[in-house]
Amino acid sequence: MEIGEIIHTFKNSDNFWVGIARDGLSVLAILAVIGILSQLFFGMWTPMVAVESGSMEPHMYRGDIIFIEDFDRTQIETLRNAPADYISFEKKGDVILYRPYGQKGVTPVIHRAMYFVEEGQPMWEGGPEAPHEGYITKGDNTKTNSYYDQQGQISYLSPVKEEWIIGIARYKIPYIGHIRLLLS
């Protein structure tokens, strides 16, 4: 049999097992296309995260899926230094996804980059000096996040180093992240 005949038979066969193989190959092809598009548009193979807490309300809710762009493909606009017309999730400044203290295996935090500090600068007005350069971050929820992450338990006294940053939040799809949260 020639290759053309084999392909024609495979595509048109009514055999149950051939149908299963065809469906499996279709799923793999779709996943490959999604992976390639994710890499092209976001610079990451897995550019989505599910929001696990309410710390970013009202701009992101628990169960939202957030699309993340690779940090290496862009620059961070902080709340303090963003141009007046630069808005990200209904507010000035980028929302970043980072690993607290750079630790792998720890749930990443998705909070807004408030401003950048150099080593030795006060981390906030009247606050201690920064042990290294990095971003001061904070969740948007005014009820649960009245302090910067660096004043509390998330990244205590440690500005977010650039190498800890996974990416920058760009888009969201509401609610469908609840499926992901149920499975973890």
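Hi everyone, thanks for coming. Please keep in mind as we go that this model is predicted.

Let's start with the aromatics. How many aromatic pairs does a search of the whole structure find? The count is five. One of them joins Tyr115 and Tyr148 in an edge-to-face arrangement, with 5.6 Å centre to centre and 90° between the planes.

Is Tyr115 buried or exposed? Its relative accessibility is 4%, and because anything under 20% counts as buried, Tyr115 is buried.

Both tyrosines also have a charged partner. Over the ring of Tyr115 we find the charged end of Arg80, 3.8 Å from the ring centre. Over the ring of Tyr148 sits the charged end of Lys138, 5.7 Å from the centre.

Now to the helices. Helix H1 covers residues 3-12 and helix H2 covers residues 16-42. Their axes come within 8 Å and cross at roughly 95°. Angles of 65 to 115 degrees count as roughly perpendicular, so that is the word for H1 and H2. Which residues meet there? From H1 we have Phe10, Lys11 and Asn12, and from H2 we have Val18, Ala21, Arg22 and Leu25. Sorted by class, this contact has four nonpolar, one polar and two charged residues.

On to the prolines, if you'd like to click along. Pro47 is in the loop between H2 and strand S1 (48-50). With 2% relative accessibility, Pro47 counts as buried. Leaving out residues up to four places away in sequence, Pro47 touches Ser38, Phe42, Ile66, Phe67 and Ile68. Pro47 and Glu69 are 22 residues apart in sequence, and their C-alpha atoms are 6.7 Å apart in space.

Next is Pro58, in the loop between S1 and strand S2 (65-70). The peptide bond leading from Glu57 to Pro58 is cis, with omega near 10°.

Pro159 is found in the loop between S5 and S6. Its relative accessible area is 0%, so Pro159 is buried. Setting aside neighbours within four places in sequence, its contacts include Val117, Met123, Tyr135, Ile136, Gln150 and Trp164. Pro159 and Ser88 are 71 residues apart in sequence and 21 Å apart in space, C-alpha to C-alpha.

Last stop: backbone angles. Where is Glu90? You will find Glu90 in the loop between S2 and strand S3 (95-98). Its phi is near 65°, a positive value in a residue other than glycine. Glu90 counts as exposed, at 62% relative accessibility. Tyr101 has a positive phi too, near 60°, and is again a residue other than glycine. Tyr101 lies in the loop between S3 and S4, and at 34% relative accessibility it counts as partly exposed.

That's my tour, and I'm happy to go back to any residue with you.

Technical notes. Residues are numbered from 1 along each chain as its sequence is written. This is a predicted model: local features need pLDDT of at least 70, side-chain atom pairs count only at pLDDT 80 or more; totals for chains, interfaces and linings use all residues. Side-chain values use heavy atoms; hydrogens and water are left out. Rings of Phe, Tyr and Trp (its six-membered ring) pair if their centres lie within 6.5 Å; planes under 30 degrees apart count as stacked, over 60 as edge-to-face and the rest as tilted. Buried means under 20% relative accessible area, exposed over 50%, partly exposed in between (1.4 Å probe, protein chains only). A charge sits over a ring if NZ of Lys or CZ of Arg is within 6 Å of the ring centre and within 35 degrees of the ring normal. Axes are lines fitted to C-alpha atoms, for helices over the stretch in contact, and angles run from 0 to 180 degrees between N-to-C directions. Helices (H or I, at least four residues) and strands (E, at least two) are DSSP runs, numbered from the N terminus. Angles under 35 degrees count as roughly parallel, over 145 as roughly antiparallel, 65 to 115 as roughly perpendicular and the rest as oblique. Contact means heavy atoms within 4.5 Å. Ala, Val, Leu, Ile, Met, Phe, Trp, Tyr, Cys and Pro count as nonpolar, Asp, Glu, Lys and Arg as charged, and the others, Gly among them, as polar.
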